[in-house]
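Thanks for coming. I will go through one structure today, starting with a space inside the protein and ending with a strand.

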Amino acid sequence: MKTNTSLMRKSHFLGTKIRNLRKRNNLTMEDLSARCVRVDADSAPSVSYLSMIERGKRVPSAGMLAVIAAVFQKEVDWFLDDAPEDQAITPVKGSRGGISGMALEPSFLFSNEILQIAIPEMLSQTGISGRQFAHLLIRAHQEHHQNHFPDLERAAEEVGLKRMPLNLDDLLSIVDRLGLKVKWFSRAPKEILIEAGASEQHIITSYFELPNKICLNKLLKSHNNRLKYDLAVHIGHCVLHNKDGLKSIMVAGRSHGTSLSEDTFNSPPSSTVDAQDILHAWRDFESSFFAGALLCPKVPFRQLLDRHGYEIDVAKLVGVSPSVAMRRMTAVSPYSHWHYFDAYSPGKLKAVYRGNGIPLPWGNMRQVEDPCQHWAVFRMINAESTGSSAQISILDVATEPKIYCCESIRVNDLAGNPHVLCAGIDLNPAIEAQGGDAQSIAHELKKVCVDNGGSANLPLSIKTDIKRVAKILNINWVERGIDNEARLICSRGSTCPRKPSCYESSTCGG
């Protein structure tokens, strides 16, 4: 074992390397210290000591350096090179992900005045409702900001005091403190049903009634997690919007919405853009995000996810639904490149988040009868198993293959409709962050899958590369995905990469 004296002689770039590896993986010092504790609590650095190491004021012991190396899946000697690679000491300034834009020329055609005239006409001609367009705007806003909304996080933390888990009595105490009353109902009033645009596939779970009543469906008494979520949403509505009387109607079942705030409706669909559509949709989103932040406050929930390797089952420990837990993963993870889908049979996407810019599987403005069944989120809709399923996928994006991994789970909503929740990540930035060549790995994996009819076991070299990334990301289901067959998927039938194409052989539903 090297002595601390020999480490000191070789430690010129050590602190810089650790700092930039940490930043490259979007970890705070608290995150890294906690990860080290789980590797070896006795040798792990404290946050303050880690800070001194990164600033070159302390040299870690051999044991401590071995722990840090294990977290980042590096050899100890890598940290002690006297002449490090440029990549090792230069932080990566990656793209923020999300929807990629395009240059719009001539720019004068895209002025606010022209767009305000043209957009309603466009929606009318395409059959997209004002409410759908409002949700699309909000989703684009979420993805542009990678689901980070510090002001909403802070508002929730001020109310919940970062406590986790919050039980029903805790939430009722907050309701009482805000001067709100709870009223139970068995059947929603007709005007609420009309306002929500609800059908027989929907259940009105709650709504707000002026001046201060949260009206709750008695059905929620036997669904504690959903009851807590509805209360949290209405608390958010009252805190953020000052009980202004705008209805916030909570609905279970297939929805028209297309954002992460998929459980709220406000007005029946219209073919024109109404200012109220935009306002209602935005306030619903804010209240929904607030609810997630109240029930799963950022720092405690992030620490819990880190301790449990981002397993979906952490939802049970916090007393929330898998949907809430998975959506919060996308907001609190130090890794930015997430996506989330909620799909109903046969191919309706009720909710979408694409902070990594992954192409949308068909679309969610309309129901699709023949989505690519190799997407885990669609493949599991008719699966008999109710367990989770990890999958490595290869998808062509702008003619280049990309590698993704997701974990999906089949659940029933309150109205009894089965649907599939899917949380996934873009593995390409993680591979690149560790000095790997994501593009060549994706090409190799795609060829192996094509040669084997569309799915194949990962070659050992690729399995080793992705396993290393999985350990650094600390996401257990990425490791499980490595042990399953990788699958080719596509976003449009005309681009099916399989040979023969699924849309020629009719095995993909097309």
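By class, the lining of the largest cavity has five nonpolar, three polar and two charged residues. Here Ala, Val, Leu, Ile, Met, Phe, Trp, Tyr, Cys and Pro count as nonpolar, Asp, Glu, Lys and Arg as charged, and the others, Gly among them, as polar.

Before going on, this is a predicted model, in which local features need pLDDT of at least 70, side-chain atom pairs count only at pLDDT 80 or more, and totals for chains, interfaces and linings use all residues. Residues are numbered from 1 along each chain as its sequence is written, and side-chain values use heavy atoms, without hydrogens and water.

A cavity is a set of points on a 1 Å grid over the protein atoms alone where a 1.4 Å probe fits but cannot get out, and lining residues have an atom within 4 Å of a point. Five cavities of 30 Å³ or more turn up in the whole structure. The largest holds about 130 Å³, a volume being the space filled by probe spheres set on the points. Of its 10 lining residues, Ser288, Phe289, Gly292, Arg327 and Arg328 lie nearest the centre.

Which helix gives the most to that lining? H16 does, with four residues. Helices are DSSP runs of H or I, at least four residues, and strands are runs of E, at least two, numbered from the N terminus.

Now strand E2, residues 203–209. Three bridges join E2 antiparallel to E4, residues 249–252.

How values were computed. Pairing = 2+ DSSP bridges. 1 Å grid on protein atoms, 1.4 Å probe; cavity = no way out; pocket = protein on both sides within 12 Å on 5 of 7 lines; lining within 4 Å.
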